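Biologist: Take me through this model. I will ask what stands behind each label.

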Amino acid sequence: MKTLARPVIPESGLVPLDTQTIPTRVVTWLSRVEIMATNSSKPWDTSSFIRNNAGKGASKYCKTADAKLDELKEMIENLKCPCPEPPPEPPMSCKYGFEDGAKANKDYMLQVDEFTKLPVYCNMDGAGLGDCGGGGWTLVMKIDGAKSTFKYDSPFWSDKKEYEPSNGRNLDDGETNEASLQQKCNKEGFNVVSDVPNFSKARIGIVGNNENACTTSDSRIGFGTAGYPDDTNSCGNEAKHGGDKGDKSTEAMGYIFVQ
């Protein structure tokens, strides 16, 4: 079958735009396409522009283009994105941080809830924690006994808001371990109070008395304290009237760790 057509760029590939060789006749067979020229003074080399209907071009122009295309595809396939690995999520507690390999006693960034990350002090080796041992202890509270911020009746003991959560620091050395306590009553735990208002009480601690009852306790050791004999001491030791190590009034810097 022969078909006359206007000058076209054949399916087989690029055609040199030479004014003497612009094709004006396309001869089509079922298995190939040939480009013919009408200028008899410069015969067309039809073998250069033969293309099978199925498959890549057979002309030298098509072969060059196909080779370049294959190289480009290979380059794209082999291209690797140098994307950095995302940073790991911080642990939820010092214990998890210790299990991940953290060993130093210092501040660490912790994921304290689904949306909040905070720097929190971690005691990893148990230094200063007595029989508690190491393994990663999270500092959840610190109290200055000379201040009223965390006295027994402070609202901070009954709400769920954080108070200066990122204001952590290392433990102080030299806190007293020579506390004095009366040997009777000895009510201990959370929210321990004397039976009579205005006597010793503690949010976390122990109260003592020189009498069998806890009616008028005159001594205490703990956190969030208040009452007789010194209502201004909010953390530490107070003892009068027969403490096992005498009268004491010690305002301490207290720390609460959890694991």
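Modeller: Helices (H or I, at least four residues) and strands (E, at least two) are DSSP runs, numbered from the N terminus. On that basis the protein chain has two helices and 13 strands.

Biologist: What kind of model is it, and how are residues numbered?

Modeller: It is a predicted model: local features need pLDDT of at least 70, side-chain atom pairs count only at pLDDT 80 or more, and totals for chains, interfaces and linings use all residues. Numbering runs from 1 along each chain as its sequence is written, and side-chain values use heavy atoms, with hydrogens and water left out.

Biologist: What makes S8-S9-S10-S11-S12 a sheet?

Modeller: Pairing. Two strands pair if DSSP finds at least two bridges between them. Five strands form an open sheet in that order, and the pairing is antiparallel. Strand S8 (184–193) and strand S12 (248–251) stand at the edges with a single partner strand each, so one side of each has no neighbour in the sheet. From one strand to the next, the twist averages 15°. For such angles, axes are lines fitted to C-alpha atoms, for helices over the stretch in contact, and angles run from 0 to 180 degrees between N-to-C directions.

Biologist: How do you know that S10 and S11 pair?

Modeller: Count the bridges. Strand S10 (residues 219–226) and strand S11 (residues 235–239) share five, in the antiparallel sense. Phe 223 stands opposite Cys 235 in S11.

Biologist: What makes S5-S6-S7-S13 a sheet?

Modeller: The same test. These four strands form an open sheet with antiparallel pairing. Strand S5 (106–111) and strand S13 (253–258) are at the edges, each with a single partner strand, so one side of each is left without a neighbour in the sheet. The twist here averages 50° from one strand to the next. Two bridges join strand S6 (residues 117–123) to S7, and the two run antiparallel. Cys 122 has Thr 138 in S7 as its bridge partner.

Biologist: Why is Asn 209 called buried?

Modeller: Buried means under 20% relative accessible area, exposed over 50%, partly exposed in between (1.4 Å probe, protein chains only). Asn 209 has 0% relative accessibility, so Asn 209 counts as buried. Asn 209 is in strand S9 (residues 201–209). Contact means heavy atoms within 4.5 Å. Beyond its neighbours within four places in sequence, Asn 209 touches residues including Gln 182, Lys 184, Cys 214 and Asp 218. Over the whole chain, 33% of the 259 residues count as buried.

Biologist: What about Ser 234: buried or exposed?

Modeller: Buried, because its relative accessible area is 0%. Ser 234 is in the loop between S10 and S11. The side chain of Ser 234 reaches the backbone oxygen of Lys 147 at 2.5 Å. Leaving aside neighbours within four places in sequence, contacts of Ser 234 include Ile 143, Phe 150, Gly 222 and Thr 225.

Biologist: Why is Lys 95 with Glu 99 called a salt bridge?

Modeller: A salt bridge is a side-chain nitrogen of Lys or Arg within 4 Å of a carboxyl oxygen of Asp or Glu. The closest N and O atoms of Lys 95 and Glu 99 are 2.7 Å apart, and the pair forms a salt bridge. Lys 95 and Glu 99 are four residues apart in helix H2 (residues 94–99), so about one helical turn separates them. Lys 95 is partly exposed at 31% relative accessible area, and Glu 99 is partly exposed at 49%.

Biologist: How many salt bridges does the rule give?

Modeller: Six. One of them joins the side chains of Asp 231 and Lys 151 at 2.9 Å, N to O. Asp 231 lies in the loop between S10 and S11, and Lys 151 in the loop between strand S7 (137–144) and S8, so the pair ties together parts 80 residues apart in sequence. Asp 231 has 39% relative accessible area, so Asp 231 is partly exposed.

Biologist: What makes Lys 245 and Glu 178 a salt bridge?

Modeller: Their side chains meet at 3.3 Å, N to O. Lys 245 lies in the loop between S11 and S12 and Glu 178 in the loop between S7 and S8, so this pair ties together parts 67 residues apart in sequence. Lys 245, at 41% relative accessibility, counts as partly exposed. Glu 178, at 42%, counts as partly exposed.

Terms used
A polar contact is a pair of N or O atoms within 3.5 Å; within protein, one must be able to donate a hydrogen and the other to accept it, and residues adjacent in sequence count only if both atoms are side-chain atoms.
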